[in-house]
Amino acid sequence: MNHSVPTWTLEDVQKHLQYAVDLELWTIPFYMAAMYSIEDRSHPSFQLIQTVVYQEMLHLQLAANVANAYGTELAIRPPAYIGDKIPHLNFRIDHPDPRLEFHPSSAEIGPLDLARVNSMCLIEYPKWAGHHRPELRPNITEYGSIGEFYRAVQLGMTERAADLRGRRQQVDEFGRFYANMDRLTVDLDGEAGLAQALRLIQAITNQGEGEMRGERDIPTMFQNTADDAHAQHAHFGKFRRVREAVLGAHPPRTYSGVAHPPPGSPGARAQEILVRDFGALCTLLQALFYGRDPAEFGPRMTKVGAAIFSCWQNGAIPRFS
Amino acid sequence: MSKQVFRIHPAIGVARVGNSESFYLAPETIAGLPLPDRDDLVGGLPIRAGTEAEPITSRDLRDADGALKRQAARFRIYQYPAHDHEAYPNGGGAEVRIGSEIAGRRVVDIIWTVHLANKKSNTYQLIDDQGVDAYRHDQLPPLRNPLQGPDASDEARRARLVIDPGPRALRGRDHKVVRFDASTPASYATPAGEIRLQPDYFKSFPSDAFPDLLCPRGPIETLGELHGDDHGRLVVAGGYGRAVAFRRRDGQVYPLAADVNNDGWFDDTSDGPVSAVLCFDDGTTAEAAGAWVVVTDPGYAPQTLNVVSLWDDICNTWIRELGLQPEVYAHGAYQKAYRPAFETEIWPIFRAADLQRWNTNLPRMAIRAHQAVASITASDAPGETILAGLAYIRNPNHENEFNTGVPLMPLSLGDAGKPFLAPTFTQYFYLEQWNSGCFDPGAIRLGPGEALDRASLQNCLGGRFSPGIDMTFVVRDVNLWKRDWAASGEGPFRIHARKLDYAAARPGVPFLSEGYVPLRAGPGVEPGDTSKFMALPWHTDYNSCATHNTSPNPINSSTLFWSWPAQRPVAVYVAADVHDGKLGGQRYSVRGSGTQSPDPSAQGRYQERLDMIENWPGIGVVIQGTAIEGERRFSKDQFLEVASLLDEELVPPWPQNALDPND
């Protein structure tokens, strides 16, 4: 392929950073629903997914911080989970096509099963070493991997460094969990701020896909220092272990549920509560990333987890919108 | 005319050491829980001495010389109609005082007998990761002070290592102070209501056997004293928080080499039975069901409720193994029809979670989540709350969850080989019932004596008996308890006290035996038999139990967690740091000279254990803002440290990590 590389506009960068926020937000309910479907909360698969969920929350914050540094007017909306559609990623164009290995897959909310864990692996699938320079394409869904997507984002960020402003609606809820990172925010302007912003994107990509297809420890700087028993492993490596468990002789036992429980049933009620709580959480996230400090954010985030768990306990597949 | 039975309450009273002659009385309300008659205060505050129920304020914590006051335990007698088979809760009971009329007889006196002793030096070591399991399969842990002899029952060893002033009797109508020292004669009440002196009783104090003791805060010459009040009640005050050490053969004082088991050391905590004889105007007498008094560490955060309290642990044993409430647990199973009372059996767990923030460096998001937990009311649908599905509660029925940290709660340390703490089985059952909507919104109706039992124990630490602060893993052993509680008329929660025949005491011969050994059926529990399983001296364990890595720690995590957050404050908000109603940063509770360390795993404690022996009275006390007197006013929603004699820098919020020793 021989595409030309367009020059990024600030709007392009902002649009891509909104995509990044969309993508990171999308993963959280998807992963959490699979995690809470595991009956045994001490199961290694539960624990592994949980560490990824926590880092996806971090990634959402980091992406939002970078987006705000570029003046993006972020919109936090409940994601959709339809078919095999993962926002802004299209694995078909990656080479080789990772779907050959991770098949079948589903982007619909569901219990931890092969289709779900394959999607989780696909989302975190590493870029090939020495891959071609990422390009900004008119249709963003053509990014073949999350790594390629973020390389494109970094390219745009670099081109538009002059537009970067530090200390703009920066959020830090996780700093003490990453004692080796000097900051999780962008505090400086222009080129100096760009180095900070790129470091945040590197944290996302290193923790997510890792290097060398997730087979090497992620850099110490990006490792969780507080509550991750597998802090050195990237998401892709963690999800491969979960996949091995799913395919193993003793896969983790999961709750089952239906997408449409009878109206008025405990399952339907649990879904209603989750939809309400997740919608409220999105509103609070929006406020958080607009520089406010909604006291309800932490409790609501916690409540969403409980509501997901409650759906499974009541025989319903969690529903977020 | 119905027959009456008499019981002393609380069944277990808790006194606490202080370095002052003065004292206040143990709280008779439950830490952190609402009071029926006060909007501005919650329960847990001790009671001003000489009053019926007046809560102390910040001014009452220290005496005029700045010494930390002791907490005395107050005991009373209640009468109940006799039943062939008692049920719990009884719900009734009326206090018996001097002057009370009971079935045509008037009470003219109450004769109390208390026997305090300290057997810590003569008992077995605490094996931290085993707890009571160290006594299973006819095994015994190694003895403390093995150089004093290999057998805990050896007479010479007992004579040297047991602190035993003997029993003391007090006539309720007398306003005398009866001391547990060497010069006050041993005495006891007979069933006929007479006080007998026992001059032959062999008293033993550390200085009797060991010359040239190291006495950092003075010698141990007493274990406390008895007082009466105008109604004939009993008040037991304990020791002064002293610890003394004897010398090795080379003449050197034994070092404080460990946190829990230190050979060569004594402290002046204690425990023992409390009995009473009622004397009537017609010359008859009646004995009351006996109680027990425990004298232990100071209460540095009396209004912070434990998520798993001593009450919860004891109730769990009584419900599961001693038939306390068959409607809750019978035939080896919890009864799904039981509807726990929200205010009594569920909400205290939620409230306790919220209160931990005042003694720990919880981050903001966790504080807010805990506040949401405490805001759950009985009218909330459980599925709509932050605890829907019990998604964040560690399930004690799933062994593996003891190894699982965040997000499972409580996020504090467990005991006996369990890295994290879980609610008791019974607490978890109550939570499950709540989660399924099977609960009643109100409170359990307790009789006034039963309420004292509960308050006394719910204000103490449970869950993490490593070894703990007030009582330890022995409360999980059915052999500790009187099992015939339902038929005997004595009611529940009574320690199986050994019948002691003081008339048989002989000069020069130690009276008390080796005593109770866990998991063994025996003649009963003697004075000194519950406190002997606690740390020796208590100071070193209190000092160390700020934060730790989990134990075991299979993933070699450096993350630090709290040991006893409700009762051993780690990080506190100092009242003087509050400005315009806003909290300042947090400070370590144990701070100042001698506490500094570059390693967070060693911060908030003295680096040299001996410093704790000397400086513990300087530690401040965390109390509700509205209990703080002075020119400034504080919020009832803030629990702040006051009266500290220590000072130092701020504490960052959790998480904190131990330094890598390889760095």
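Chain A has 8 helices and 0 strands, where helices (H or I, at least four residues) and strands (E, at least two) are DSSP runs numbered from the N terminus. This is a predicted model, in which local features need pLDDT of at least 70 and side-chain atom pairs count only at pLDDT 80 or more, while totals for chains, interfaces and linings use all residues. Residues are numbered from 1 along each chain as its sequence is written, and chains are lettered from A and ligands numbered from 1 in the order in which they are written.

Buried residues, meaning those with 20 or more other C-beta atoms, placed from the backbone, within 10 Å of their own, make up 53% of the 321 residues in chain A. Helix 1 (residues 10-36) of chain A, with 27 residues, reaches 39 Å from its first C-alpha to its last, close to the 39 Å expected at 1.5 Å a residue, a span calculated as 1.5 Å times one less than the number of residues. Because 20 of its 27 residues are buried, helix 1 of chain A is largely enclosed by the rest of the structure.

The domain assignment, which is automatic or taken from a database, divides chain A into domain 1 (10-254) and domain 2 (257-321). Their contact takes 16 residues from domain 1 of chain A and 17 residues from domain 2 of chain A, two residues being in contact if their C-beta atoms, placed from the backbone, lie within 7 Å. On the side of domain 1 of chain A that touches domain 2 of chain A, helix 1 and helix 2 (44-69) of chain A each supply at least two residues, and the largest share, 4 residues, comes from helix 1 of chain A.

Technical notes: Buried ≥ 20, exposed ≤ 12 C-beta atoms within 10 Å, placed from the backbone.
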